[in-house]
Amino acid sequence: MQAKKRYFILLSAGSCLALLFYFGGLQFRASRSHSRREEHSRRNGLHHPSPDHFWPRFPDALRPFVPWDQLENEDSSVHISPRQKRDANSSIYKGKKCRMESCFDFTLCKKNGFKVYVYPQQKGEKIAESYQNILAAIEGSRFYTSDPSQACLFVLSLDTLDRDQLSPQYVHNLRSKVQSLHLWNSGRNHLIFNLYSGTWPDYTEDVGFDIGQAMLAKASISTENFRPNFDVSIPLFSKDHPRTGGERGFLKFNTIPPLRKYMLVFKGKRYLTGIGSDTRNALYHVHNGEDVVLLTTCKHGKDWQKHKDSRCDRDNTEYEKYDYREMLHNATFCLVPRGRRLGSFRFLEALQAACVPVMLSNGWELPFSEVINWNQAAVIGDERLLLQIPSTIRSIHQDKILALRQQTQFLWEAYFSSVEKIVLTTLEIIQDRIFKHISRNSLIWNKHPGGLFVLPQYSSYLGDFPYYYANLGLKPPSKFTAVIHAVTPLVSQSQPVLKLLVAAAKSQYCAQIIVLWNCDKPLPAKHRWPATAVPVIVIEGESKVMSSRFLPYDNIITDAVLSLDEDTVLSTTEVDFAFTVWQSFPERIVGYPARSHFWDNSKERWGYTSKWTNDYSMVLTGAALYHKYYHYLYTHYLPASLKNMVDQLANCEDILMNFLVSAVTKLPPIKVTQKKQYKETMMGQTSRASRWADPDHFAQRQSCMNTFASWFGYMPLIHSQMRLDPVLFKDQVSILRKKYRDIERL
């Protein structure tokens, strides 16, 4: 048995030794053979793969560990140099994980609220006009502060809009300039505006310097690089985009059916090669020359003739046949394909023209997508499904087309018609992130009047605003508060202010009366005021200025406010009728004394008139009803410069309120029936007689009109020829059948 074991062990060892010599010899022969082949190849000029060619190659080989945000950028950086790749990774992608919770210091906003500081401009630094407009919009807003210690957000004075190295607007050495700012703090709580980034041929989204933890307000930003709830996608706008105001949309009336001459149009450049060329090069497949007119031209750039293809001449000829503005104003849908970058000027042009944008820019984070529901105003297409676009838009029902067009007009006028609105929308979005407990909801952002005019600091409940009663199924308020502005001492029980107080108190809709005592004399004793069925509250104005009549007093407990001058003469019946009219139009000013504006061609300025004409554009707040939210808006939305002007002149506060309400509603006020003697009665009262007769008073109001129009950037007042009278007013029927019979007797 032991002999068998020894024999087995020896046999196994011999076998192993034989196998070892066999494989070792085979590899040695293969090496010698390979060496001979290499020698033969060198002699004959041939090439064979190296020895490692015989080892298998695995496509998913393990790679060194790198941060995930750098790894994502590897494929997009294949065609750039290592230095550019390092720069790109150290700038936009370094803070790709940034969110408000991780890269924003909320403590800076707790003490002073949302305040924005703009760095002082450095000597010798050039700033493009577009960036100057952005900075001016911030400095003119209610958010601006000149004290960095009070700031919650910081904006550079260095021009960061155009980061294309081939552009004449490109600012060099921005990296070192930014790092030298003593408040930079790695970009924390900073906002950087950018319209153009990257350059030919790749047009990457790198802004060319390390943004650190700063937020980007960027045009043409991709969903891949967009940091949700941190960055803000803004539209690409031209250098000619107005700083304030801006033109209104081109939809003047709702045509039914809402179809125009052309179903789908586009007119723009065609890129023969490079990024952004694929979609525009394929548009000719869809163009039919009838209701689908998609025109491109190769005629751009210095060397276009060297690179033109067989279609260029034909395309250029067809391109010249059509006027772009005529196409834009007569098209139902406007194609918005990407250019070299994801964004395009065609986007804003289509919005303004009430031409429904058809987006063909895969991966573009649409402007203000955080708050705007673009499915209500645009058709989001896919570049890969270009041929399906015509059939898709033809299948959209006419009702939907009309709704889309109307929404384009709302969005244009609310957020995009000026640089100021684009900047303010950006700031409001950031403010909502900081103060989430009072942030605006989607309904506010996507429904008239929009997020810029609905201030959440006033209330978090939509029912407290005058614009959403129908949406919430609420009835308008059933009571009002009368606010009487008193500026003369109380010396007689027969003064108009006391008669007015009694008449207002007798109204069935009156909840209370507030007398704002802006007189230099002391408050009258309580027994001097007449006894009424409703509470009478006398408030002594601290500053005793004109704007104080529109302060948001906590004493006003109703949504409706009846604003009255002390010398106004109104009956209880007139008050009742005006309030019932206001209940149908709670977002507007409703009242009696009407005025109008006009354009004076000889002086090239706006004029003010009190003549009785066939139209009006203002209802003075000496006898008018409106929602109390406008007190808050007047106080917190309008700039101090306008309110100071009103206070210094002791004039024009009623005009400014009309400007504000018309700017918000895009509607005129409503004039209700008034007695013929109203104007003469007003002029006959002692407290106002001198003011109405004073020529300086009228000249001041002319000046106010133009100052206000300049700040708004346009004339918001709208003319109206409508006057609302009671049913059966002046009808030849028995006076007993009329509800407001006393109005006809006055």
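A residue counts as buried when its relative accessible area is under 20%. Keep in mind that this is a predicted model.

With that cut-off, helix α19 is mostly covered, with eleven of its 13 residues buried. The buried stretch is made up of T572, T573, E574, V575, D576, F577, A578, F579, T580, V581 and W582. The geometry of α19 checks out too: at 1.5 Å a residue, its 13 residues should span 18 Å, and the end C-alpha atoms sit 19 Å apart, which agrees.

Now for the holes. Rolling a probe the size of a water molecule over the atoms shows where empty space is left. Here, the count comes to five cavities of 30 Å³ or more. The largest cavity holds about 260 Å³ of space. It is lined by 18 residues, and those closest to its centre are E420, L424, F453, Y637 and W711.

What classes of residue make up the lining of the largest cavity?

| Class | Residues in the lining of the largest cavity |
|---|---|
| Nonpolar | eleven residues |
| Polar | three residues |

α15 gives the most, with three residues.

Why does the largest cavity lie between domain 1 and domain 3? Because domain 1 (86–231) and domain 3 (478–679 + 688–722) both give residues to its lining.

Notes
Residues numbered from 1 in each chain as written. Predicted model: local features only at pLDDT ≥ 70, side-chain atom pairs only at ≥ 80, totals over all residues. Heavy atoms only, no water. 1 Å grid on protein atoms, 1.4 Å probe; cavity = no way out; pocket = protein on both sides within 12 Å on 5 of 7 lines; lining within 4 Å. Points joined across faces, edges and corners; volume = space filled by probe spheres on them. Helix = DSSP H or I, 4+ residues; strand = E, 2+ residues; numbered from the N terminus. Nonpolar A, V, L, I, M, F, W, Y, C, P; charged D, E, K, R; others polar. Domains from an automatic or database assignment. Expected span 1.5 Å × (residues − 1). Buried < 20%, exposed > 50% of the residue type's maximum accessible area, 1.4 Å probe, protein only.
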